[in-house]
Amino acid sequence: MDVERAKKESPFGTTIAHGNLTLSLIDGMRKDLLASSGFKLGVNYGWNKVRFPAPVPAGSRVRATAEVVSIDELGDGWFQQVTRFTLEVEGNEKPCCVADSVGR
């Protein structure tokens with residue numbers, strides 16, 4: 001939060017976004033990345049393997065991509081879908097977040 005202190009003491013040289021804030025950005029971008037149809041109910045089952053390989057400097061522009069990793073039939077009309085979201089900071093080669101979302 002302290003910009004001057006971050007310039008002096010942080011290994012990143014600036015303030016950065018908290019990992020959970022970065023993760024929460026996915027839900028704001030999800031509807032623009034994926035279209036779903038043909039079901040009556042969808043349940044957010046949680047997250048698998050959330051990683052933050054690089055920081056997100058405050059004020060950065062972030063973009064996301066989504067890839068469906070698997071869809072498994074669970075029985076009784078239920079399916080489980082795992083979607084990998086990758087977030088990147090504009091101008092950085094390394095992603096800032098890679099997370100697998102699980103939905104049923």
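What is the volume of the largest pocket? The largest pocket has a volume of about 680 Å³. The structure is a predicted model, and its secondary structure amounts to 2 helices and 4 strands.

**Overall form**

- The chain is more spread out than a compact globule, because its radius of gyration is 17 Å, well over the 13 Å that the globule rule gives for 104 residues.
- The C-alpha trace spans about 60 × 20 × 20 Å along its principal axes.
- Of the 104 residues in the chain, 22% are buried.
- When contacts between residues at least 6 apart in sequence are considered, 60% of them join residues at least 24 apart.

**The largest nonpolar core**

- In soluble globular proteins, nonpolar side chains tend to be buried together.
- The largest nonpolar core of this chain consists of 10 residues: Leu23, Ile26, Val56, Ala64, Phe85, Leu87, Val89, Cys96, Cys97 and Ala99.
- Helix α2 (19-33) and the strands β3 (78-89) and β4 (95-103) each contribute at least two residues to this core.
- Phenylalanine 85, one of the core residues, is in contact with residues from several parts of the sequence, among them Ile26, Arg30, Trp47, Thr65 and Cys97, when neighbours within four places in sequence are set aside.
- Two of these partners of phenylalanine 85, Ile26 and Cys97, are themselves members of the core.

**The largest pocket**

- The lining of the largest pocket comprises 25 residues, and those nearest its centre are Phe39, Leu41, Gly42, Gln81 and Arg104.
- By type, the lining divides into 9 nonpolar, 11 polar and 5 charged residues.
- The elements α2, β1 (44-51), β3 and β4 each supply at least two residues of the lining.
- Strand β3 provides the largest share of the lining, with 5 residues.

- Is threonine 83 buried or exposed? Its relative accessible area is 3%, under the 20% limit, so threonine 83 counts as buried.
- Threonine 83 belongs to strand β3.
- Apart from residues up to four places away in sequence, threonine 83 touches Leu34, Ala66, Glu67, Val68, Val69, Ala99, Asp100 and Ser101.

**Exposed residues**

- Aspartate 76 is located in the loop between β2 (62-75) and β3, and it has a positive phi near 55 degrees although it is a residue other than glycine.
- The relative accessibility of aspartate 76 is 81%, over the 50% limit, and therefore this residue counts as exposed.
- Glycine 77 also has its place in the loop between β2 and β3.
- With a relative accessibility of 64%, glycine 77 counts as exposed.
- The C-alpha atom of glycine 77 is separated by 54 Å from that of lysine 7, a residue 70 places away along the chain.
- Lysine 49 is part of strand β1, and its phi is positive, at about 40 degrees, although it is not a glycine.
- Lysine 49 is exposed, its relative accessible area being 56%.

Notes
Residues are numbered from 1 along each chain as its sequence is written. This is a predicted model: local features need pLDDT of at least 70, side-chain atom pairs count only at pLDDT 80 or more; totals for chains, interfaces and linings use all residues. Side-chain values use heavy atoms; hydrogens and water are left out. A nonpolar core is a set of buried Ala, Val, Leu, Ile, Met, Phe, Trp, Tyr and Cys residues joined through side-chain atoms within 4.5 Å. Buried means under 20% relative accessible area, exposed over 50%, partly exposed in between (1.4 Å probe, protein chains only). Contact means heavy atoms within 4.5 Å. On a 1 Å grid over the protein atoms alone, a cavity is a set of points where a 1.4 Å probe fits but cannot get out, and a pocket is an open set with protein on both sides within 12 Å along at least five of seven lines; lining residues have an atom within 4 Å of a point. Grid points are joined across faces, edges and corners, and a volume is the space filled by probe spheres set on the points. Ala, Val, Leu, Ile, Met, Phe, Trp, Tyr, Cys and Pro count as nonpolar, Asp, Glu, Lys and Arg as charged, and the others, Gly among them, as polar. The radius of gyration is taken over C-alpha atoms; the globule rule is 2.2 Å times the number of residues to the power 0.38.
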